[in-house]
2 protein chains.
Amino acid sequence: MSDALRIGIAGLGTVGSGVIRLLSEQEKLLAQRCGRELVVTAVSARDRDKPRDFDMPDTAAWYDDPCALAQADDVDVVVELVGGAEGPAREIVETALRCGKQVVTANKALLAIHGSSLAALAEKVDRALCYEAAVCGGIPVIKAIREGLAANRFERIYGILNGTCNYILTQMEEHGAEFAAVLAEAQQLGYAESDPSFDIGGIDAAHKLSILTSLAYGCQVRFDAVFIEGIEDLTASDIRFARELGYRIKLLGLARRTEAGIEQRVHPCLVPLQTPIAEVSGVTNAVVAVGNYAGQTMFVGPGAGAEPTASSVIADIVDIARGLAMPPFATPSSTLEDAPISPMDRWQGAYYVRLTLLDQPGSMAGITAVMAKHSVSIDSIIQRGRSPGAAVPVVMLTHKTEEARMARVLHEIAALEPVTESPRVIRIERF
Amino acid sequence: MSDALRIGIAGLGTVGSGVIRLLSEQEKLLAQRCGRELVVTAVSARDRDKPRDFDMPDTAAWYDDPCALAQADDVDVVVELVGGAEGPAREIVETALRCGKQVVTANKALLAIHGSSLAALAEKVDRALCYEAAVCGGIPVIKAIREGLAANRFERIYGILNGTCNYILTQMEEHGAEFAAVLAEAQQLGYAESDPSFDIGGIDAAHKLSILTSLAYGCQVRFDAVFIEGIEDLTASDIRFARELGYRIKLLGLARRTEAGIEQRVHPCLVPLQTPIAEVSGVTNAVVAVGNYAGQTMFVGPGAGAEPTASSVIADIVDIARGLAMPPFATPSSTLEDAPISPMDRWQGAYYVRLTLLDQPGSMAGITAVMAKHSVSIDSIIQRGRSPGAAVPVVMLTHKTEEARMARVLHEIAALEPVTESPRVIRIERF
């Protein structure tokens with residue numbers, strides 16, 4: 001058996017504690033699978049005295065300064081579980097690489113913002129920078145895209161990348177509840193952060209999407225190129241109308257290569273009820289990869305939580321222990337394409353539009369006239385005007401049209417007299 | 001860029017032609033992802049003159065004898081696509097390894113029967129023996145179990161491992177058709193072989209299951225230890241009754257470690273309609289892995305076909321080109337446990353029982369008396385006796401009981417006078 005692999009863990013929050021418990025509980029199994037022992041030789045966290053729900057490994061030295069841990073002589077692999085795109089997390093990773101350590105991180109924000117430059121640094125020092133846990137918790141989707149499907153050009157990659165949003169949407173549908181109420185409940189249950197803005201605003205999903213996009217399309221990680229809309233403005237009535245029309249609303253991250261460049265978007269979508277992605281409910285995540293040879297493969301599982309995330313962190317450590325190594329984004333970072341961004345206003349698709357308008361003669365005529373003027377045709381309408389003179393909802397699905405054209409239509413419709421609220425628009429995805 | 005990786009392909013059937021097309025169409029992409037070129041330097045097949053739907057690579061020498069190809073000096077990786085557990089396939093793989101070649105194969109039968117000894121040979125000569133394409137076509141499930149989920153003890157692994165059976169069952173349900181008619185149609189469409197016995201008899205699924213079991217549980221590949229029942233005896237009425245009771249019938253492969261040893265079984269199962277595995281229809285395959293840390297992950301995709309299988313063959317070649325290597329079953333074959341077989345007659349579960357019995361006074365009393373005698377309790381019954389004196393179907397679901405006990409019950413029931421046909425029994429799986 002080779003020498004033990006010595007692990008330093010920076011960050012002892014939920015995931016860090018899961019990692020330490022896993023390493024301890026499955027010590028023998030891991031040693032057998034790796035052909036060598038995995039030993040925690042260093043740990044670091046903000047508060048040494050905080051009560052913790054695990055036994056600190058007696059092999060581990062304590063570091064108040066995580067950057068000192070990242071430089072420690074008796075550490076081969078630095079596990080960064082501090083989080084955040086800047087500050088300590090970035091310092092730890094950069095320091096560790098510069099000191100010739102292998103690095104494992106669960107930090108999607110760091111990779112989404114600095115992925116390309118960190119990859120370049122890792123390659124320069126010939127060390128691993130692994131991040132299976134950064135995308136979709138316990139689902140080994142990074143490995144699937146980078147290795148298992150490496151023979152494919154990807155026609156499309158998409159998925160449910162944020163469990164909090166999927167939980168909220170599932171609850172809204174099941175209980176007919178409004179967003180704010182479900183969010184509050186999710187926070188109480190620990191499914192949503194006290195500051196949920198990264199999750200519900202689509203930022204977290206966009207971080208993950210930008211990483212998957214780079215791997216799948218061999219381009220630089222460009223979080224700033226992701227078009228993002230969150231789920232904050234969805235209403236129970238949207239979910240009900242969608243259902244009536246044969247759809248479910250999901251927050252998806254979607255990436256593909258178009259003639260104009262790389263398209264990356266995160267936004268609520270109407271997906272047909274009978275598609276596999278529509279069946280993925282609750283905190284579960286799912287990624288669908290459509291390869292030109294493999295066809296459509298789907299990977300489903302828990303997207304967050306101490307134990308699933310620890311599973312992926314350890315998978316990376318096992319890879320390192322087994323000597324499996326490659327550039328962080330599969331090909332050398334110098335070859336990652338600086339691809340143009342496929343402009344969102346040229347995106348083409350069908351739309352769900354919910355209007356609130358006064359139930360009076362000519363209301364619909366004004367709306368359909370605007371749509372006809374811009375050559376946007378209507379696929380179906382739900383109109384139940386039973387309150388003459390009062391505001392009623394009207395829902396339309398359009399045929400395929402261009403985003404920019406749709407924006408002009410909505411602008412003009414919003415200005416019409418019988419329209420009492422801003423139109424609500426959700427894109428439709430048919431796979 | 002490193003030296004080109006030189007590939008010899010033995011077998012130019014459906015998968016072989018897919019591999020050659022993929023290598024040619026995505027030559028540049030693969031060179032970029034591997035950091036070196038992939039060049040086909042040798043090919044072999046039974047009939048050189050057979051018309052083929054691809055251009056033979058002009059870099060490739062022809063070999064009438066695949067074992068000569070396996071020894072060729074200018075071949076680094078031998079791809080075995082001949083098939084079959086014995087004969088040429090086995091010879092090619094053994095010859096290639098003995099000559100120090102890396103080996104990639106899509107041959108589930110070979111691995112299921114000779115996996116442990118071939119792994120020992122590969123380790124002895126320090127070469128790769130890769131087989132992603134042997135299990136579930138385009139789904140990278142070998143890599144997921146071996147690497148992506150390497151941190152887990154598996155509580156259970158199960159899945160739809162045979163697309164032909166799943167297609168037949170889906171068609172039987174959708175059209176209310178009988179097995180023989182759907183099989184004939186599947187053969188016409190190319191979804192079933194002209195000799196379908198390996199597929200419909202559960203052998204193919206059992207081959208795949210035994211490979212997954214070895215990887216997941218660190219034990220020797222034991223195809224002979226798999227309990228196998230096929231789908232030949234299922235009727236449209238079973239599928240209809242199952243549906244009425246809230247279940248769908250799937251041919252599953254299931255493995256887990258019990259106190260008595262390793263349990264491996266392939267048989268039709270009633271699975272609750274709302275479970276994800278019940279939603280997998282047609283030729284699609286799916287594997288569910290339940291890890292003690294990762295939780296439940298599911299991998300879904302095309303289980304067969306030239307292009308998906310080629311995708312997985314090339315994924316293995318890419319791994320080799322990238323220098324990723326480990327023992328074939330993740331841990332050295334000398335450490336693979338020779339685990340006891342968990343005896344099937346000790347299996348415990350619930351059962352679906354369909355009886356055909358004469359609609360006459362006392363019929364059911366006789367049956368329930370036998371069940372009571374053996375302490376097998378009934379969960380629900382569908383009985384629609386509307387033909388006094390004629391034979392009618394009666395369907396029962398039992399509560400959990402032991403296989404051996406159930407066998408005794410069925411034996412006694414079959415001997416009862418009003419029972420006109422052998423009882424039909426299907427195990428129920430609730431996940």
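1. Among contacts in chain A between residues at least 6 apart in sequence, 75% link residues at least 24 apart. Two residues are in contact if their C-beta atoms, placed from the backbone, lie within 7 Å. This is a predicted model, in which local features need pLDDT of at least 70, side-chain atom pairs count only at pLDDT 80 or more, and totals for chains, interfaces and linings use all residues. Residues are numbered from 1 along each chain as its sequence is written, while chains are lettered from A and ligands numbered from 1 in the order in which they are written.

2. Chain A holds 14 helices and 17 strands; helices (H or I, at least four residues) and strands (E, at least two) are DSSP runs, numbered from the N terminus. Its radius of gyration is 24 Å, close to the 22 Å that the globule rule gives for 431 residues, so chain A is as compact as a globular protein of that length. The radius is taken over C-alpha atoms, and the rule is 2.2 Å times the number of residues to the power 0.38.

3. Of the 431 residues of chain A, 55% count as buried, meaning that 20 or more other C-beta atoms, placed from the backbone, lie within 10 Å of the residue's own.

4. Chain A is assigned domain 1 (5-134), domain 2 (141-302) and domain 3 (347-428); such bounds come from an automatic or database domain assignment. Where domains 2 and 3 of chain A touch, domain 2 gives 12 residues and domain 3 gives 11 residues. On the domain 2 side, α11 (236-244) and β10 (261-272) each supply at least two residues, and the largest share, 5 residues, belongs to α11(A). That side has 7 nonpolar, 2 polar and 3 charged residues. Here Ala, Val, Leu, Ile, Met, Phe, Trp, Tyr, Cys and Pro count as nonpolar, Asp, Glu, Lys and Arg as charged, and the others, Gly among them, as polar.

5. Chains A and B meet through 46 residues from chain B and 46 residues from chain A.

6. Strand β12 (residues 295-302) of chain A runs antiparallel to β12(B), joined by 3 bridges; strands pair if DSSP finds at least two bridges between them. A:Val300 stands opposite B:Met298.

7. A rotation of 180° with 0.0 Å of shift along its axis superposes chain B on chain A (RMSD 0.0 Å). That is the relation of a two-fold axis.

Key: Least-squares fit on C-alpha atoms with pLDDT ≥ 70 in both. Buried ≥ 20, exposed ≤ 12 C-beta atoms within 10 Å, placed from the backbone.
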